[in-house]
Amino acid sequence: MSDRSDRGDGQPLDRLNPMRLGLRHQLGLVGLVGLGTLPLVIDATFALTLALAYFWGVYAMSWDVVSGYTGQISFGHGVFFGVGGYTSALLNLGYGIDPVFSIPVGALLAAVAGLIIGVPALRLRGPYLSLVTLVAPLILVQVFIFRSDIFNGEQGLSSVDPLFGLSTFGNETAFYYVALGLFVGVLALLLLITRSDAGSVFTAIREDEDAVAAAGLNPAKFKIMAFVLSAAIGGLAGAVIVHTPSGNASPTTLMSVTVNVEVIIAAILGGMGTIVGAGVGGILLILLREQLSKVAWTVPIIDTPVSDIDFLVFALITLVLLYALPGGIVRWVIELGGQSVAKLRGRDDVAADGGQTPLEQVYDSYAEWFSGGDDDER
Amino acid sequence: MAGISQFVIQSTIRSGLYALVAIGFTLIFGVGGVLNLAHGASIVLGAYGVYLATTVLGLTTGVGFVVGLLLPAAFSGLLYLGIIKRFDHEPIMVMILTLVTSIAVELLVLNTAGSQPVAIPQFVPGNVTLGGTNVQYNLLAVFVLSWLIIVGLFLFVNYTKTGKAILAVSMSDKGASLVGIDSDRINLITWIIAGVLAGIAGIALGSQLGATFSMGRTPLILSFSIVVLGGIGSIRGSVVGAYIIGFIEVGFVQFISNDLTGIAPLLVLVGVLLVKPEGLFGRELAE
Amino acid sequence: MTDKVTDSVETGGDDHSVSRRQAIAAAGTAGAVGLAGCSGDGSEGSSSDVADPLSERDEVRIGVLAPVPSENPIGASIANGAQLAVDQINEEGGVGGAELSLVVKDTKEEPQTGSTRYGELIRNEEVDLTTGVFTSEVLLAILDDIAGSETPHMTAGAASPEASAKVSESYDKYKYHFRTGPINAHHLGVNLVDFVEAKADALGWESVAVLIEDYKWTEPVSAALDEQLSETNVEIAMTNRYPSGTEDFNPIYNEVEESGADAAFISMAHTGTAAVIQWAKQQRPFEFGGIHVPMQLPSYYDAVKGACAYGVTQNSATPTAEVTEKTTAFADAYSEAFDSYPVYTGYIAYDAVNQFAEVISDSDDVAADAVVDGLEGSSYRGTTGTIEYYGPDSEFAHDVKYGQDTVWPVYQQWQPDDPENPQAGGTQEVIFPEDLSTAEYQTPPWI
């Protein structure tokens, strides 16, 4: 982020002091307050749609910690949602443990899964790591089907206790706040971490791992930290969601190909390597998808209503957006806003990182790997 | 012993199919340094191209096979021109865009041809008993075809002008352009060839298992595994990788336990990566 | 969960819930008290314990959950079967003067989407009944929603006995769930045994090789076969519960051949197409029958170009079999309205809507508890048989009753119209039970 160097010297908590935040962060806070009061004006169905959207915001943010910050692209983040969700559901069903206690265990076990995948991943670079993350959820789903006596196979686990004993109907607003609370909490936590010294190291790893090592820091340690943190938060979201109407403990909901890909799409569309962008991307993704499923307009020539082919239309819109705005929507909006603010104030905005987006930096590090590591290529 | 001969024949045939499935993926990886996650989509288009021509349009099987090769070739070429060229040297964006493209193709097939599996014609119908096991001519044809393609590709790359240009681009596109090779054109040719190869794989798989909109997913993972196992971008390595995975899979099912069918190769792959992160044969370029 | 809310209602006793409980007491509905006010003030009008006389309604709303009805024949059959029932009832003047109206939502075959769409049916559409679903994964995901909304639900398509086990264990909570069809997965297995017992001699099946795909849905089938198949006069040459990822059936078919079995006795859904194509293309020297879900679809024969010729599968109904006097009439009306024959889910959804209409018409009450009571006591002659439900004390509570006098599936064989050219087209001929059979069983010509 371009403002990293401006305010890097305060106490961590001080950085969340609204008065010291930049204009766009203050606007963001106003937006959050707006979200908090939204249930007053929306109906129950929309409240649940938004709750699902917040969960997806958390999914995308959890992906962003490891992939957006350290540049380790994960194609199978669903594995962590799955470990978190199934752990909590199994503890609840098998031992009657209240969700309030089983959810943290789910997050913990997901963190362990992050460690298991993260440590070997240190030895792997570029496509090798992507491959391992790509097959991890497939293996897990197969194990779930193979041991269906425990995991109930392709049908998933049902009748998990809802959080706080809330029943589905009549408590939509409560579930809205649960999801919003999780979203805001994770957002604040991740902003704190990524805007701290550790966050600077994460970013530095993405930019140039060798330079980090040269500075006497161990990139491996930080990469594992990022992996475990990301897995824990993904697992937390997965664990919470199975105890709400927004999700259930089944392979399709937590670990399908669609889930794995859409998390990446959300984070990149919103803006990779910014946390806020990923969070917003997750929310927008769900809202867009829900909206499309309600469009009755008939596409000419093929004579099919959009609502019947909503997934296809969604994929095509995604392609166009990725193609047109590879830096992400949030960054694009900020740039637009920054330009107009700069115009108003009559000064130019200078980017502190040489104007490269995180995505470009990840490209560079992958490109470096692909071209055999000769740095002076360009 | 009947068990051993059965094992060898089954594994050899299966491995031939796997090599066929992976070779287009390897080619693109070797030449352009691109992980083409839309490889599975090309496979789907191959199978459904045949379905479209023979079942929907009622054309002959021969014409069907031609459509099954042309459709993925065109798709692959357009993918290169439309997306890959613009995001050249941005491997992550390429991976994500090819992944989303392949999902769009799956959904297109789903929305036009439906979710029900469909059958497509075989290369050669009929069966023969070999070494105590039943073998379909279709699979024998696939086996022979895969070796023809491997040898053909080898000859093409080493003994034709275009092939040598492909080799040059795979080594260094900047170097190649210095000696007057149009690397864009070479890349486009590579993508089209890879599309045709994926089409053949799609027809082979579709005629064996039935075609579905999601039939390209397993082959994509398989290709990925084979390529990583055999060394990135090496055609020779990929063929070896395909045979290793084919033999392990059949052997595992036949001699150990059939509980893990489908994930045995993935487990092998993860194991190899843990022990030897660069694959069995390290990193080579296409030969 | 429910208990806590109930406690607060009982101790808190605000006016609303008190009046509700009084109304229940007045209506004398047993067993409902424990759940009074469970869904609180958020519950929509449909889920009421208070009598809701049909005669005071001008509309009764039915919600349908179907997987991708725009292109999936299973989903389309659910939506269209229910639509046809509604249209026919409305043409006859509706139910007790009220019009039936239908809202169809697409589950995308995903549990989460299913649950979201179910919520929309309840919250926004305020339906009085839901039906459809299809996959067990989706049904299990909405089971708690059904309990929470206290709205009757009649499943069409999902066979998992887990749903009825829940009804049996926590009756008050889950009593709103009924499975109109198909018979549950345990009975699917029992029915396989009954079929073999009655028909093996005629088919010439002295020994069978049991091949079952290892998915959750086949577990009750496996259990029933393990328990009962050995008691028949058919020899079990081998049993293979093969893994879910199986694509290459060569090793399995080799094993079947070596075992000398006359037939592969199967339970397949996900792996069915690969299995039947390889069986047919390799002309394996054994017959092929049991439960093969894709083969139940009328359009399957053309889709696989006759690869399923001579394959046998259990089915709820086929377009030509007179399972009841209503079966073919429905299939023909469906074909006329929608230009294709229905899949088994279509018959079930059609029966569900009709049975519901009969129940509310008899009791003149659309309230959830009255509908539950009505369905429990109902014996409705539908297209798939006489539909009755097991009582609350049964381990299969609220599942459709399996039996020759109630619902008794048919066995169909895909027979080529022209044996010389099997690709040209085929027909689902019923071979069992005898009184419904439309053709003699044909042994594959290569055996």
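A crossing of two helices counts as left-handed if the near helix is turned anticlockwise from the far one by less than a right angle, and as right-handed if clockwise. The model here is a predicted one, where local features need pLDDT of at least 70, side-chain atom pairs count only at pLDDT 80 or more, and totals for chains, interfaces and linings use all residues. Residues are numbered from 1 along each chain as its sequence is written, while chains are lettered from A and ligands numbered from 1 in the order in which they are written.

In chain A, helix α2 (residues 44-70) packs against helix α13 (residues 276-292) at an angle of about 140°, and their axes sit 6 Å apart. (Axes are lines fitted to C-alpha atoms, for helices over the stretch in contact, and angles run from 0 to 180 degrees between N-to-C directions; helices are DSSP runs of H or I with at least four residues, strands are runs of E with at least two, and both are numbered from the N terminus.) That angle makes α2(A) oblique to α13(A), given that under 35 degrees is roughly parallel, over 145 roughly antiparallel, 65 to 115 roughly perpendicular and the rest oblique. The crossing of α2(A) and α13(A) is right-handed. Among the residues making the contact are Trp56(A), Gly57(A) and Tyr59(A) of α2(A), along with Gly281(A), Gly282(A) and Ile283(A) of α13(A); two residues touch if their C-beta atoms, placed from the backbone, lie within 7 Å. By class, this contact has 13 nonpolar, 6 polar and 2 charged residues. (Ala, Val, Leu, Ile, Met, Phe, Trp, Tyr, Cys and Pro count as nonpolar, Asp, Glu, Lys and Arg as charged, and the others, Gly among them, as polar.)

Now for the chain contacts. Between chains B and C, 26 residues of each are in contact, and the side of chain B splits into 8 nonpolar, 16 polar and 2 charged.

Within chain C, strand β9 (residues 287-292) is mostly covered, with 6 of its 6 residues buried (20 or more other C-beta atoms within 10 Å of a residue's own; 12 or fewer is exposed, in between partly exposed, with C-beta atoms placed from the backbone). Strands β8(C) and β9(C) run parallel, joined by 6 bridges, where pairing takes at least two DSSP bridges. Phe265(C) stands opposite Gly289(C) of β9(C). In helix α9 (residues 219-228) of chain C, Glu219(C), Pro220(C), Val221(C) and Leu225(C) are buried, and β8(C) is one of the elements covering them.
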